[in-house]
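Here are my notes for you, point by point. Have the model open while you read, and click on the residues as they come up.

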Amino acid sequence: MGSETAPKLPSIDFSAPGLKPGTPEWVSVRAQVRQGLEVFGCFEATFNKVPSHIRKAIFDALKELFDLPLQTKLRNVSKIPFHGYVGQYPMVPLFESMGIEDATIYPKVESLSNIFWPQGNPGFCQTVKVFSEQVSELDQIVRRMILESLGVEKYMEEHMESTNYLLRVMKYKGPQTTEAKLGLNAHTDKNIVTILYQNQVEGLEVQAKDGQWISVKPSADSFTVMIGDSLYAWANGRLHSPYHRVMMSGNEARYSVGLFSIPKGGYIIKAPEELVDEDHPLLFKPFDHIEFMGFYYTEAGQRAQSALKTYCGV
């Protein structure tokens with residue numbers, strides 16, 4: 001297939017000054033969001049609330065973080081799987097990542113930063129907090145549009161208050177070859193919404209419903225918005241949670257940063273009754289996201305074709 005006919009993710013512009021609930025601009029963008037998430041489970045978003053100096057600063061902060069000695073990075077630990085330091089895996093030798101929980105709250109970022117830099121690093125903390133805050137605005141717009149499009153606005157407050165933010169920072173070493181090498185295995189995200197921002201080194205691929213892999217080619221001004229299994233279950237399958245992976249080639253490192261809205265421990269994810277009917281029978285029993293994550297990282301969870309269906313499918 002020629003490059004001119006290669007499938008692309010939808011591109012949606014969230015930068016219009018008149019983009020406010022109830023306006024024609026809002027209704028138009030909301031329809032694009034719904035279609036993109038039904039068909040692909042993700043889309044490219046242009047969002048000008050994150051200025052260029054903050055976008056540059058976040059990558060400078062990532063490089064500073066990943067340049068730390070391994071023993072220092074290993075101090076990033078969490079009781080929740082995949083929220084702390086991840087690396088040194090023989091299956092994906094190019095990949096390492098770290099998690100910053102509650103990344104929109106300065107004291108939380110600072111307490112983690114002090115583990116790496118006991119003398120303090122206020123520049124790093126401010127960059128992470130400001131970037132996360134600004135990107136969280138896009139997360140909230142998208143989630144509001146999703147609930148409106150599904151006709152379940154009455155759950156808006158509960159839905160918005162049910163999540164925390166995790167900023168996950170990732171580095172993929174260049175494999176030093178033109179041959180594509182696996183950077184990260186194909187997987188679906190398990191959270192509510194993921195918003196990814198990356199440097200100029202490509203590698204992210206998303207699987208379309210027909211099984212074809214789409215190479216994501218975002219611009220310096222765009223973010224990749226993707227839904228995870230928890231929102232897929234909450235919406236009772238009316239949106240698509242896509243498989244995606246990272247394939248690396250060349251010599252340059254790929255840096256990427258993702259803001260994940262994650263259900264709080266103890267919050268039960270349950271499809272609203274309005275989204276369950278004869279045409280859309282209930283797909284999943286109610287579940288706690290943190291408990292589901294615990295299952296996902298067991299041998300049975302890793303072996304399952306769909307960990308979510310195995311864990312709580314009806």
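1. Which residues do ring pairs link into a cluster? They are Phe59, Phe131, Tyr197 and Phe223. A ring pair here means rings of Phe, Tyr or Trp (its six-membered ring) with centres within 6.5 Å. By this rule the count comes to 14 aromatic pairs.

2. Before we go on, a word on what you're looking at. This is a predicted model, so local features need pLDDT of at least 70 and side-chain atom pairs count only at pLDDT 80 or more, while totals for chains, interfaces and linings use all residues. Residues are numbered from 1 along each chain as its sequence is written, and side-chain values use heavy atoms, with hydrogens and water left out.

3. Now pick out Phe292 and Tyr311. Phe292 belongs to helix H8 (residues 289-296) and Tyr311 to helix H10 (residues 307-312), so the pair ties together parts that are 19 residues apart in sequence. Helices (H or I, at least four residues) and strands (E, at least two) are DSSP runs, numbered from the N terminus. Phe292 is buried, with a relative accessible area of 0%, whereas Tyr311 is partly exposed at 29%. For these words, buried means under 20% relative accessible area, exposed over 50%, and partly exposed in between (1.4 Å probe, protein chains only).

4. Tyr296 and Tyr297 make another aromatic pair, this one edge-to-face, with 4.9 Å from centre to centre and 75 degrees between the planes. Tyr296 counts as buried at 14% relative accessibility, and Tyr297 as partly exposed at 34%.

5. Next, look at helix H5 (residues 122-150) and helix H4 (residues 106-116). They pack at an angle of about 135 degrees, with axes 9 Å apart. Axes are lines fitted to C-alpha atoms, for helices over the stretch in contact, and angles run from 0 to 180 degrees between N-to-C directions.

6. Who touches whom here? On the H4 side you'll find Tyr106, Val109, Glu110 and Ser113, meeting Pro122, Phe124, Cys125, Gln126, Val128 and Lys129 of H5. Contact means heavy atoms within 4.5 Å. By class, the contact of H4 with H5 has six nonpolar, two polar and two charged residues. Ala, Val, Leu, Ile, Met, Phe, Trp, Tyr, Cys and Pro count as nonpolar, Asp, Glu, Lys and Arg as charged, and the others, Gly among them, as polar.

7. Helix H2 (residues 52-66) also packs on H5, at about 130 degrees and with axes 9 Å apart, so H2 and H5 are oblique to each other. H2 passes H5 in a left-handed crossing. Ile54, Ala57, Ile58, Ala61 and Leu65 of H2 meet Phe124, Thr127, Val128, Val130, Phe131 and Gln134 of H5. Sorted by class, that contact has nine nonpolar, two polar and no charged residues.

8. What about helix H1 (residues 24-39) and H5, at what angle do their axes cross? The answer is roughly 85 degrees, and the axes come within 9 Å, so H1 and H5 are roughly perpendicular. The H1 residues in the contact include Trp26 and Leu37, and among those from H5 are Ile141 and Leu150. The contact of H1 with H5 divides into nine nonpolar, one polar and four charged residues.

9. Last, a backbone point. Most residues other than glycine have a negative phi. Asp102, in the loop between strand S3 (95-101) and H4, has a positive phi near 50 degrees. Asp102 is buried at 16% and touches Lys108, Val109, Asn164 and Tyr165, not counting residues up to four places away in sequence. Asn236 has a positive phi too, about 55 degrees, and is buried at 3%.

Note on methods. Phe/Tyr/Trp six-rings, centres within 6.5 Å; stacked < 30°, edge-to-face > 60°. Parallel < 35°, antiparallel > 145°, perpendicular 65-115°, else oblique. Left-handed = near helix turned anticlockwise from the far one by under 90°.
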